[in-house]
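This report walks through selected features of one protein chain. Please look at the sequence and the structure before reading on.

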Amino acid sequence: MEMRRLGRTGLSIAPLVFGGNVFGWTADEKTSFALLDAFFDAGFNAIDTADVYSSWVPGNSGGESEAVIGRWLKQSGRPRDSAVIVTKVGSELGPERKGLSRRWIMQAVEDSLRRLKTDYIDLYLSHWPDPDTPYEETLAAYDTLRSQGKVRAIGASNLDAEQMRDALQVAAAKDLPRYDVLQPEYNLYDRASYDGALRNLCIEEEIGVITYFSLARGFLSGKYRSHKDLEGSARGGGVEKYLDGRGMRILGVLDEIAGETGAKQAEIALAWIIAREGVTAPIASATNLDQLGSLVRSAEIKLSGEAIRRLNEVSE
């Protein structure tokens, strides 16, 4: 398996990251264990989660995904250093349990470590910008965690170019650790927020990039083509916005390339991201072994220059 350097973190990951948002939601524990075993057996090594996953499920309070990963890691017998675990802090878990203050980060990391059943997190991300907390306070908290050995590297999700540049400047001016990884929303449909100034900054500063919603909440799999297709789907509400002319044109080109190559639409959509300059790896999830097999194949596909050109043009 090809391993890619994740920015300046010192970490190396395979070109696809498993999205742990499904654990404790659309994948029960037995299924989650089977998916993780198959993913790692195929040569992949990175899992993305967050302290807030999957708090949106009735009866959940957050941390369910981390807890599943922790139990899997313990029972799997795999060495801890064989897995690159990415988790996040900052989303709201309750009153006074949100944001990027030093107080909350120092508490939240202990909760995540306990659930993950590990003594360190490979990559700890600020989940959302926190306008109420200065970058200096947040980065100083991460500096403490790194010196304690509880966090190996840090990054951020959902920052725009100006915010990322400001954070980098504060880190340099105050001699604090910088965000070495960005996790943006990015896929064939949702390109505007990353392509351009933010992508250019990440390339210039050698920032690792792992993209989320890489399949546009499942839309780019091709299984949602009408409002009727959304009925009964746990992801239906988030997919509806893609059912417009632009979305259908993108699916049309994916359909064409699928017919030419024999690959599935989702595999082609992920392969496009994997081939994109300025991206280390997309995040994608699966809820059964058939879907997982498709994810594995996406990392093996080498799209032709002509196919990439057509995808670039239809998605611009």
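## Local geometry and contacts

Ser54 lies in the loop between strand 4 and helix 2. The model is a predicted one. The peptide bond that joins Tyr53 and Ser54 is cis, with omega at about -5°. Most peptide bonds are trans, and most residues other than glycine have a negative phi.

Two residues have a positive phi without being glycine. Glu96 has a phi of about 65°, and its place is the loop between strand 5 (84-89) and helix 3 (102-116). Glu96 has a relative accessible area of 59% and so counts as exposed. Arg217 has a positive phi near 60° and is found in the loop between strand 9 and helix 7. With a relative accessible area of 30%, Arg217 is partly exposed.

The next topic is the aromatic rings. The count of aromatic pairs comes to 14. Two of the pairs are set out in this table.

| Pair | Centre to centre | Angle between planes | Arrangement |
|---|---|---|---|
| Trp25 and Trp56 | 5.5 Å | 85° | edge-to-face |
| Phe219 and Tyr242 | 5.4 Å | 20° | stacked |

The pair of Trp25 and Trp56 links distant parts of the chain, 31 residues apart. Trp25 lies in the loop between strand 3 (17-19) and helix 1 (29-41), and Trp56 in the loop between strand 4 (46-48) and helix 2 (64-76).

One aromatic cluster is formed by Phe18, Phe23, Phe39, Phe40, Phe44 and Trp72. Ala46 is found in strand 4 and is buried, with a relative accessible area of 1%. Between Ala46 and Ala171 there are 26 Å in space, C-alpha to C-alpha, and 125 residues in sequence.

Charged side chains also meet rings. The charged end of Arg80 sits over the ring of Tyr120, 4.0 Å from its centre. Arg246 lies over the face of Tyr189, at 4.6 Å from the ring centre.

Arg246 also takes part in a contact between two helices. How do helix 8 and helix 11 run relative to each other? The axes of helix 8 (residues 245-261) and helix 11 (residues 305-315) come within 9 Å and cross at roughly 170°. An angle over 145 degrees counts as roughly antiparallel, so helix 8 and helix 11 are roughly antiparallel to each other. On the side of helix 8, the contact is made by Arg246, Arg249, Ile250, Val253, Leu254, Glu256, Ile257 and Glu260. Helix 11 contributes Ala307, Arg310, Leu311, Val314 and Ser315. Sorted by class, the contact of helix 8 with helix 11 has seven nonpolar, one polar and five charged residues.

How values were computed. Residues numbered from 1 in each chain as written. Predicted model: local features only at pLDDT ≥ 70, side-chain atom pairs only at ≥ 80, totals over all residues. Heavy atoms only, no water. Axes fitted to C-alpha atoms, helices over the stretch in contact; angles between N-to-C directions. Helix = DSSP H or I, 4+ residues; strand = E, 2+ residues; numbered from the N terminus. Parallel < 35°, antiparallel > 145°, perpendicular 65-115°, else oblique. Contact = heavy atoms within 4.5 Å. Nonpolar A, V, L, I, M, F, W, Y, C, P; charged D, E, K, R; others polar. Phe/Tyr/Trp six-rings, centres within 6.5 Å; stacked < 30°, edge-to-face > 60°. Lys NZ or Arg CZ within 6 Å of the ring centre and 35° of its normal. Buried < 20%, exposed > 50% of the residue type's maximum accessible area, 1.4 Å probe, protein only.
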